[in-house]
Amino acid sequence: MNIKLIAIGKTDNKSLQTLIDDYTKRLSFYIKFDLEIIPDIKNVKNLSESQQKEKEGELILSKLTPTDQLILLDENGKTFSSVGFSEELQKKMNSGVKTLVFVIGGPYGFSDTVYSKAQGKISLSLMTFSHQMVRLFFIEQLYRGFTILRNEPYHHQ
C-alpha cells in the first residue's frame, strides 16, 4: 500500500519543515509515502469562502486516481487512539487498498464535492491546530502507527 498526504500551501516554518522531513524519512522505512503540497491559491482576497473551497477542492480531486481511497482530516471526523489508528492502517492494508490518500484542507475546510468523494474522515483532536502543525502531527502518527504494528519500542502504553 502507498500513503499520500495532500496539503494546501507550503510550510514556511523551517523548524517544522525539518521535523516533517525527519518523520517522512523515518516513515519511508515502513511504507511508500508521499507528501504532496498544493500551492496556495492566488488572489484569495477576491474569493468568498465557498469559492476558495471549490477551487481548492478541484485541485485536491485532480491529484486523485479512481482507485485511491480518500480520507479527510476533518474536525468532525472519527477520533482514534494511536493504537486504534495503527489497527485502522492494518485493516486498510489487509483490504487491498492500493493508495490511501489523506488530505488536510485549506483554512475553510473542504468543498461539498470533496466531502462527497471521501470514504472517511478522521480528526486528530478536538482542538484546532495550524495546518502546518497538523502535517507534522499526522506524519508522526503514521510513523507511530507503523512502529506499533511492528512492536517496536517507540510507542509506550
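Leu27 touches Phe33, Ile139, Leu142, Tyr143 and Phe146, leaving out residues up to four places away in sequence; contact here means heavy atoms within 4.5 Å. The model is a predicted one, in which local features need pLDDT of at least 70 and side-chain atom pairs count only at pLDDT 80 or more, while totals for chains, interfaces and linings use all residues. Residues are numbered from 1 along each chain as its sequence is written, and side-chain values use heavy atoms, with hydrogens and water left out.

Buried means under 20% relative accessible area, exposed means over 50%, and partly exposed lies in between, with a 1.4 Å probe and protein chains only. Helices (H or I, at least four residues) and strands (E, at least two) are DSSP runs, numbered from the N terminus.

Strand β4 deserves attention next. Six of the six residues of β4 (residues 99-104) are buried, so the strand is largely enclosed by the rest of the structure. Thr99, Val101 and Val103 point one way from β4, whereas Leu100, Phe102 and Ile104 point the other way.

What lies beside this strand can be read from its pairing. Two strands pair if DSSP finds at least two bridges between them. Strand β1 (residues 2-8) runs parallel to β4 and is joined to it by six bridges; Ile6 stands opposite Val103 in β4. Strand β3 (residues 69-79) is also parallel to β4, with five bridges between them, and Gln69 has Leu100 as its bridge partner in β4. Strand β3 is joined to β5 as well, by five bridges in a parallel arrangement, and Leu72 stands opposite Lys121 in β5.

The path from β3 to β4 can be described by its handedness. β3, helix α3 (residues 82-94) and β4 make a right-handed β-α-β unit. A crossover is right-handed if, with the strands pointing away from the viewer, the path from the first strand over the helix to the second runs clockwise.

About 440 Å³ of space lies in the largest pocket. A pocket is found on a 1 Å grid over the protein atoms alone, as an open set of points where a 1.4 Å probe fits, with protein on both sides within 12 Å along at least five of seven lines; lining residues have an atom within 4 Å of a point. Grid points are joined across faces, edges and corners, and the volume is the space filled by probe spheres set on the points. The largest pocket is lined by 20 residues, of which Leu73, Asp74, Glu75, Thr128 and His131 lie nearest its centre. The elements that give two or more residues to this lining are β3, β5 (120-123) and α5, and β3 gives the most, with four residues.

Glu75, found in strand β3, counts as exposed at 61% relative accessibility. The C-alpha atoms of Glu75 and Ser125 are separated by 7.3 Å, although these residues are 50 residues apart along the chain.

Two residues of helix α2 (residues 49-62) may now be considered. Gln52 has its place in α2 and, at 8% relative accessibility, counts as buried. Leaving aside its neighbours within four places in sequence, Gln52 is in contact with Ile41, Val44, Leu47, Pro107 and Tyr108. Leu61 is also found in α2, but Leu61 is partly exposed, with a relative accessible area of 22%. Leu61 touches Leu70, Thr113, Val114 and Lys117, not counting residues up to four places away in sequence.

The segment after α5 contains Asn151, which is exposed with a relative accessible area of 70%. Most residues other than glycine have a negative phi. Phi of Asn151, however, is near 55°, a positive value in a residue other than glycine.
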